[in-house]
Amino acid sequence: MLKDAQQVSKKYRPSNGNTVMVCCWNEYLEGNYIEPTEGHRFDYLEVIQSVFGN
């Protein structure tokens, strides 16, 4: 999904700049989270960095 978002972002870069919104940062009660946790450590953030980092 991140790679798909990256491709869409590149396609629309002239009109939206270099912006991709990743939702939701810390919605623990809804089962959606990407911030560091004891169980997953920095895995989610590292995957985002590997796709969008450079």
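Ser9 counts as buried because its relative accessibility is 5%, and buried means under 20%. Keep in mind that this is a predicted model.

**Ser9 and its contacts**
- Ser9 sits in helix 1, which covers residues 2–11.
- If you set aside neighbours within four places in sequence, Ser9 touches Asn16, Asn18, Thr19 and Val20.

**The largest pocket**
- Rolling a probe the size of a water molecule over the atoms shows where empty space is left.
- Here, the largest pocket has a volume of about 180 Å³.
- Ser9 is one of the residues lining this pocket, together with Gln6, Lys10, Arg13, Asn18, Val20, Val22, Phe52 and Asn54.
- Helix 1 gives the largest share of the lining, with 3 residues.
- By type, the lining is made up of 4 polar, 3 nonpolar and 2 charged residues.

**How helix 1 meets helix 3**
- Two packed helices are described by the angle between their axes and the distance between the axes.
- For helix 1 and helix 3 (residues 43–52), the angle is about 35 degrees and the axes are 10 Å apart.
- The two helices cross in a right-handed way.
- On the helix 1 side, the contact is made by Leu2, Lys3, Ala5 and Gln6, while helix 3 brings Val47, Ile48, Val51 and Phe52.
- Of these contact residues, 6 are nonpolar, 1 is polar and 1 is charged.
- Look out for Gln6 and Phe52: both belong to this helix contact, and both also line the largest pocket.

Key. Residues are numbered from 1 along each chain as its sequence is written. This is a predicted model: local features need pLDDT of at least 70, side-chain atom pairs count only at pLDDT 80 or more; totals for chains, interfaces and linings use all residues. Side-chain values use heavy atoms; hydrogens and water are left out. On a 1 Å grid over the protein atoms alone, a cavity is a set of points where a 1.4 Å probe fits but cannot get out, and a pocket is an open set with protein on both sides within 12 Å along at least five of seven lines; lining residues have an atom within 4 Å of a point. Grid points are joined across faces, edges and corners, and a volume is the space filled by probe spheres set on the points. Helices (H or I, at least four residues) and strands (E, at least two) are DSSP runs, numbered from the N terminus. Ala, Val, Leu, Ile, Met, Phe, Trp, Tyr, Cys and Pro count as nonpolar, Asp, Glu, Lys and Arg as charged, and the others, Gly among them, as polar. Axes are lines fitted to C-alpha atoms, for helices over the stretch in contact, and angles run from 0 to 180 degrees between N-to-C directions. A crossing is left-handed if the near helix is turned anticlockwise from the far one by less than a right angle, and right-handed if clockwise. Contact means heavy atoms within 4.5 Å. Buried means under 20% relative accessible area, exposed over 50%, partly exposed in between (1.4 Å probe, protein chains only).
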